[in-house]
Amino acid sequence: MSPNPSDETSAPGSVDPYGEDIYTEPEASPDTLANLGPLAPMAGIWEGVKGTDVHPVVGGTEQDVFVEHYELQPIDPQTNGPQLFYGLRYHTHIVKPGEVETFHDQVGYWLWEPAAKMVTLSLTIPRAQVVLASGPATADATEFEVRATFGSAIRGIVSNPFLDRSFRTTSFRMRVVTGPDGTWSYEEETVLEIPGRDAPFSHLDHNSLSRIGPPTPNPLAPTGGATTRPGT
Ligand code: HEM
């Protein structure tokens, strides 16, 4: 499949709010936990014991239940010139119930960009595959969705050569719902093109997570301990 140029211009957030000066940095608050917008309820350590996964197997589909440990910790504010992000560094580790072996592992950042009212997810999985997905949100949103499409230069998917020919990921979307009661949940769809199948495969994952531990304040936060660690 070739890149779809229309994706670059029609997607929300493709026009940024920053103007001509690409060097001057804004004032950032050192207190990330107080500035995470719609990501604020997700900070901390989480567990979900009733995840569901639908993935491809030879000649068909398999469904599994999984147990997930999802940790999201605040990082110091990050700038690209005038662009400012507050964010959470995350790691999720998934096993099948009662097993030790990793079923799925994923690391990355959830970022909130207040000026653009945009949530961005950078996602890396050890199949040698990366995704940068984003979507619009308001600071007080309790639901938001991030998307990425194969071929896009700004919200895209890149896979290693074997995956690219055998299980090409053509799109990714993840919908998050946060609750006031120490829970959040997600539904995610990873669409795969698999040789020999007449339709794209919808690899689906869902889980509801409950808080099992608080976040650790970012290094620059008033209660964070360290005095200066820019770039952390
Ligand atoms: C809760 C999240 C996820 C779980 C539990 C999960 C689990 C699985 C499982 C069990 C397979 C079958 C193949 C195997 O066992 O090696 C698979 C295949 C695959 N997954 Fe996921 N996955 C998740 C999320 C994702 C995400 C977010 C992506 C990429 C954006 C992704 C990309 C793929 C690809 C490309 C394959 C095909 C490769 C193959 O079948 O060998 N998965 N996944």
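In the predicted model, the shell around the ligand draws at least two residues from each of strand 1 (44-57), strand 6 (129-136), strand 9 (168-178), strand 10 (183-193) and strand 11 (201-213). This shell holds 20 residues, of which Asp53, His55, His104, Phe167 and Asp205 come nearest to the ligand. By residue class, the shell consists of ten nonpolar, six polar and four charged residues.

The fold that carries these strands contains two helices and eleven strands. In sequence order, the elements follow the pattern α-β-β-β-β-β-β-β-β-α-β-β-β. The C-alpha trace spans about 55 × 45 × 30 Å along its principal axes. Among contacts with a separation of 6 or more, 56% join residues 24 or more positions apart.

Buried residues account for 31% of the 232 residues. In soluble globular proteins, nonpolar side chains tend to be buried together. The largest nonpolar core of this protein comprises 36 residues, and Leu88, Trp110 and Ala133 touch the most other members. At least two core residues come from each of several strands, including strand 2 (60-80), strand 4 (104-113), strand 5 (118-125), strand 6 and strand 7 (143-149). Strand 3 provides the largest share of this core, with five residues.

Apart from neighbours within four places in sequence, Ala133 is in contact with Leu121, Leu123, Val146, Arg147, Ala148, Arg155, Phe172 and Met174.

Terms used:
Residues are numbered from 1 along each chain as its sequence is written. This is a predicted model: local features need pLDDT of at least 70, side-chain atom pairs count only at pLDDT 80 or more; totals for chains, interfaces and linings use all residues. A residue is near a molecule or strand if its C-beta atom, placed from the backbone, lies within 6 Å of it. Helices (H or I, at least four residues) and strands (E, at least two) are DSSP runs, numbered from the N terminus. Ala, Val, Leu, Ile, Met, Phe, Trp, Tyr, Cys and Pro count as nonpolar, Asp, Glu, Lys and Arg as charged, and the others, Gly among them, as polar. A residue is buried if 20 or more other C-beta atoms lie within 10 Å of its own, exposed if 12 or fewer, and partly exposed in between; C-beta atoms are placed from the backbone. Two residues are in contact if their C-beta atoms, placed from the backbone, lie within 7 Å. A nonpolar core is a set of buried Ala, Val, Leu, Ile, Met, Phe, Trp, Tyr and Cys residues joined through C-beta atoms within 7 Å.
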